[in-house]
Structures are given as C-alpha cells and as structure tokens.
Amino acid sequence: MFSHLPPYAGDPILSLMEHYLRDERAGKVNLSIGIYADGHGAIPVLPSVRTADVELAGAPAPYTYLPMEGHAAYRQAVAALLFGDDLPGAEHLAVVQTLGGSGALKVGADLIARFFPQPTVWIPDPTWDNHIGIFEGAGFKTERYPYYDAQTKGLAFDAMLAKLESLPRGAVVLLHPCCHNPTGVDPLREQWAQIIDLIEHRGLLPFFDLAYQGFAESLEQDVWPVRECVRRGIAFFLSNSFSKIFSLYGERVGALSVFCPEAGQAANVLGQLKLTVRRNYSSPPMHGALIVARVLGDATLRAQWQAEVEQMRVRVRDMRIKLSEQLKSAVPDHDFSFLLRQHGMFGYTGLSAAQVDRLREEFGVYAVHSGRICVAGLNDSNVARVAEAMAEVLRG
C-alpha cells in the first residue's frame, strides 16, 4: 500500500537542529533555528506571560472548543495591536485565530486558491523556505521577484520594482512588513511608499507575513506598510504570529487578517475563512490565545510586555554591534557594516555553503546553508567565539 511513497528529506532548518542536539561538543553554538534566547542562552518565559498564566490558573474554566474563528477577545486584541488608530471597522476587517503564523499563511493560501484565479504567488528571493511549501501545497506555482542584492548586501530595490511592475493585475505578492526572513534587509520608509504606490497602481494583492513585530524599530513603526494600505484602501491579507514576541512557540498562537476596502465584504470573507478553518483543523487551541488576550487587554500587563519586547529588540541589536565590531577587528579587510543595517533576529552573513559547513564541522557553530544566522542566539559568552570562527572561515 505504501511502497510507492518516497522518503522525506527533512526540513533543512529542523534537521539541522536535530544535528545540533546530537553534537556532544561543550562549546557548540546554535545560530540556525529562529528562536529568541536571552543573554544566558535560555528561551525566556516573559514575566508578563507568566503573570497572565498564573491569573488564568487561578480562575479555572473548562477547555471547551473555541469557535472556528477563534477566541473573540483575542481577535479583538490582535486587531487593535496590528492596526492601532487605523483599526478598520468590522465591515472592512475579517480576523481569525490560527495555528501560528504558518497556519495563517495556510488558511489564507487556501482561501485565495478557491476564489482568486491566480495560479502563481510571487515571493521574494530569498524567503523563508516554508513559504514555498505552504503556497505550493495549496496548489499555487511560486515565482521569485528580486529582493536581496548579494553585491551590496542590501535591497535590490530597482530590480524589485521592475519585476512587480510587470506582474498582471491581481497577482498575489508575498511581503515581509519588517525583519525580512532570512536576510534582515527591509525597505526604507520612502521605499515602502514607492512599493505601495506600485501595488495600488497595478492592482496587486499583497499577502503580508508579520512574525517579528517590534523587533526592527518598534511595535508601531514595524507595521507602517500594513497601516498605509488601510489608509489607501488597498485590499490585503496579513498573517501574524506571537511565537517570538510572546515567546509562546509551542502554543501556536497566530492570526490571519483580511482587509476589504468595500464595506460589507468582510462578513462574507469571515464566513469563508471559518469554512476554510473547519475543513482544515476545525477550531484553534485555547490556552495561548487566552494568555495573549489577557496581556494585551490589561493596561499594566500590556505596558510590561511592550517593555519586554523592547528589551529583546535592544539585546539583539547589541549582539549585532558586538559581532560586527569583533569581525572587523579579526578581519580588517572585510566590511561588516551591513550587519548593522539588517533588522530583527536574523543576519545574512554572505558566507557560502562550504564556509557554513566549516563553521559547523570545525567550530561547532551551526548556521543555515544560505549563510543566515540567528543573531538572537548570540550572547556575551559566545559572541567572541563565533566571530573568531567566522573570521577563520573567511580567511580561508
């Protein structure tokens, strides 16, 4: 019955994590998987989250099924966080709770596949590998548009605009509002304005993937492209995740928001999103959503959480600075200033696959084959070792 099934090669990042766990070297460093670690190398439980969790435990309630669209207070809190003063009315906005950001992408992809006659989704080159898996799994063909310029280690802005300009009306375009995964390279505000001008002019359908709100500049600034689309009345899909910014990875807490420029359309969109969820996992899990809703819905906890997100952002920024300075000292003929222009948890080092292999095999420093490192995996006790290992492979 199953003899015709081929073996699964494994996810490149998760498989690398398994390799790391089997490594018995004491000084190994994990810079592969996208998980925030604190200055001691531990995955934190945020104090605001711990307080909310204790409060929930003190008022136990049955764990009944949530509605298909998810917990109502959670959905309201998500909308308020994402859109702030630009929050659209219910007649314009449909929000559903999902199984993390990946679940939001999947629900959105399934809906688009059913109702939009577009065989292709355009994704940045490069992007998170699972973007390809999710959209192709929903029946789409994926094509790339230029994004990263390997020569400048920055944004290939002109080439990006030229490609987007050539796309047919209604084409679906995946965009990262901030902290681009894997490069960390984000458009400047004025560049975003030009991108949105083009989207509006060409009638494209943006699908924003927001996994790191608050890790680039601030919780408000990092969603500027999304809010600008609301102000202009441009339809879009938006997936967001609380895995990183709440450190709730295993709770799988995310959401999908769909903005409808014409009043009254959101009710039908919400209905079809509910049907899409029902056909997939029926309803989302409860506990993580209750935690997020309680933190965002309580003024004191929300302020505490905002400070915690800022603390995480600043720590990652400090690690970027320290890595860049130590690399500059060790390899003075190389320019590492590009690391400081990148945002979020990831750094695109420019290392080749062969150099990444050397990092792993000779020095126990784990990075993805593309040369992407998780800067959040650095701390004061390992950054010098990582910098020296990178310098060694750069020297050849």
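**Note on pockets and salt bridges**

1. α4, α7 (189-202), β9, β10 (253-259) and α9 (265-280) each give two or more residues to the lining of the second largest pocket. Helices (H or I, at least four residues) and strands (E, at least two) are DSSP runs, numbered from the N terminus. α9 gives the largest share of this lining, four residues.

2. The model is predicted: local features need pLDDT of at least 70, side-chain atom pairs count only at pLDDT 80 or more, and totals for chains, interfaces and linings use all residues. Residues are numbered from 1 along each chain as its sequence is written, and side-chain values use heavy atoms, with hydrogens and water left out.

3. The second largest pocket holds about 520 Å³ of space. It has 24 lining residues, and F116, L205, A235, P261 and Q265 are the closest to its centre. A pocket here is an open set of points on a 1 Å grid over the protein atoms alone, where a 1.4 Å probe fits, with protein on both sides within 12 Å along at least five of seven lines; lining residues have an atom within 4 Å of a point. Grid points are joined across faces, edges and corners, and the volume is the space filled by probe spheres set on the points. By class, this lining has 15 nonpolar, six polar and three charged residues. Ala, Val, Leu, Ile, Met, Phe, Trp, Tyr, Cys and Pro count as nonpolar, Asp, Glu, Lys and Arg as charged, and the others, Gly among them, as polar.

4. The largest pocket has about 600 Å³ of space. Of its 26 lining residues, G34, S102, W128, Y212 and K244 lie nearest the centre. The lining comprises 11 nonpolar, nine polar and six charged residues. α1 supplies the largest share, three residues.

5. The salt bridge count is 19, the rule being a side-chain nitrogen of Lys or Arg within 4 Å of a carboxyl oxygen of Asp or Glu. In the pair K274 and E69, the closest N and O atoms are 3.9 Å apart. This pair links helix α9 to the loop between α2 (47-57) and α3 (72-83), across 205 residues. K274 is partly exposed at 24% relative accessibility, whereas E69 is buried at 15% (buried is under 20%, exposed over 50%, partly exposed in between; 1.4 Å probe, protein chains only).

6. E310 and R313 form a salt bridge at 2.8 Å, N to O. They are three residues apart in helix α11 (residues 299-330), so about one helical turn separates them. Salt bridges with shared partners join D86, D197, E200, E228, R231 and R232 into one network.
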